[in-house]
Amino acid sequence: MRFFLAVLISLFSVAALAQSVPPPALAAKAWVLVDHATGQTLADKDADARIEPASLTKLMTAYLTFAALKAGTLTPDQVVPVSEKAWRMEGSRMFIEPNKPVTVDELIRGVIVQSGNDACVALAETIAGSEEAFTALMNREAQRLGMTNTHFTNSTGLPDPQLYTTARDLSLLASAIVRDFPEYYSLYSMKEYTYNNIKQPNRNRLLYMDATVDGMKTGHTSTAGYCLVSTAQRGSRRLISVVLGASSDTVRAQESLKLLNFGFQFYDTVKLYSADEVLSQFRVWKGKENEVAVGFTRDFVMSLPKEAAQKVQVTLESRQPLVAPLEKGQEVGTLKLSVDGKAIGDYPVVALKDVPVAGFFGRLWDAIVMFFKNL
């Protein structure tokens, strides 16, 4: 029979809980604001609605390029041949030419700063042999990252009926770039880049409006409207906003900044527990020890409204019966968070050490005790 050990813990001094501030209304079709450290959504509207990503597609092109660099299958100074297809690409370009050498490093800047469709195709062909094969890699990686409402058909974001994503999926991709490739992420803060004697500015206006903004990517087509994935870091906190379908370049920047300011002003990122901190001891059956320390193997942080952070309560539930052997990191219970009786979420807690099996008589005794407890 399964039973639960419940412990109610007050984490902070009790204070009056003020009315939460509602998120701003944005002049956009869809949007989402995410805390990078916790992955929590702080505000959203139609975040799971399928939309045309336009040049936000290039975030995945860059992600796969960074992955190839990390794996050593590409090098920054590698010279890339420019195919006729890449050279003839329409839309925004960095103006590469078939008979002029161009390096991977230059192409990456052409993708990130200049939003070059020609640069995207050149990198796709170099990494996968063709843009079509590269697109298959894009879709495979999207699934691995949990972008379940995304489908790519090209490396550039040029319109296609089968090219779609969502604001939430784009936030996952942006967060993955920051997390997985910090050595390349700084490229997204470049305000201009010159190639072939042509200087082009970064279209992300937020880089010029707010010093804490250090990325990430703009997108626009007549059908998608003006879109922007932006990230900002203030102190130790990083937020990611995705604003889709604004009416102009100016509006997408203003609305994105409005969303970022809301997240920084009205939310805190709170560390509830440190890595390997012991939350409690859970009963263990048939083990060499009768109890096991439980907690988290990483710092446990939460994004909470500033006023809510003062009244968080925790219910800790043991997944009983816990029968040896147990391994460190094995899920053994659940931490349930609430504020004023309103559930925030459930999070697994794990064993902080191994518990091997007891000897014959220890196992026999616990078996007898468990039998009578279950009568």
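**View 1. Buried residues of helix H1 in the predicted model.** In H1, the buried residues are Lys58, Leu59, Met60, Thr61, Ala62, Tyr63, Leu64, Thr65, Phe66, Ala68 and Leu69. The structure shown is a predicted model. Because eleven of the 14 residues of H1 are buried, the helix is largely enclosed by the rest of the structure.

**View 2. Length and end of helix H1.** H1 covers residues 58-71, and at 1.5 Å a residue its 14 residues should span 20 Å. The C-alpha atoms at its ends are 20 Å apart, in agreement with that value. After H1 comes Gly72, which has a positive phi, near 85°.

**View 3. Residues annotated as active site.** An unreviewed UniProt entry places the feature "active site" at Ser55, Lys58 and Ser115. These residues span 61 residues in sequence, but no two of their C-alpha atoms are more than 7.6 Å apart, so they gather at one spot. Of these residues, Ser115 is included in the lining of the second largest cavity.

**View 4. Surroundings of Ser55.** Ser55 is in the loop between strand S3 (41-45) and H1. Its relative accessibility is 12%, so Ser55 counts as buried. Residues up to four places away in sequence aside, Ser55 touches Ser115, Thr156, Lys217, Thr218, Gly219 and His220.

View 5. The loop between helix H3 (104-112) and helix H4 (117-128) holds Ser115. With 4% relative accessibility, Ser115 counts as buried.

Conventions. Residues are numbered from 1 along each chain as its sequence is written. This is a predicted model: local features need pLDDT of at least 70, side-chain atom pairs count only at pLDDT 80 or more; totals for chains, interfaces and linings use all residues. Side-chain values use heavy atoms; hydrogens and water are left out. Helices (H or I, at least four residues) and strands (E, at least two) are DSSP runs, numbered from the N terminus. The expected span of a helix is 1.5 Å times one less than its number of residues. Buried means under 20% relative accessible area, exposed over 50%, partly exposed in between (1.4 Å probe, protein chains only). UniProt positions are given in the numbering used here, feature names are shortened, and annotations may be inferred rather than shown by experiment. On a 1 Å grid over the protein atoms alone, a cavity is a set of points where a 1.4 Å probe fits but cannot get out, and a pocket is an open set with protein on both sides within 12 Å along at least five of seven lines; lining residues have an atom within 4 Å of a point. Contact means heavy atoms within 4.5 Å.
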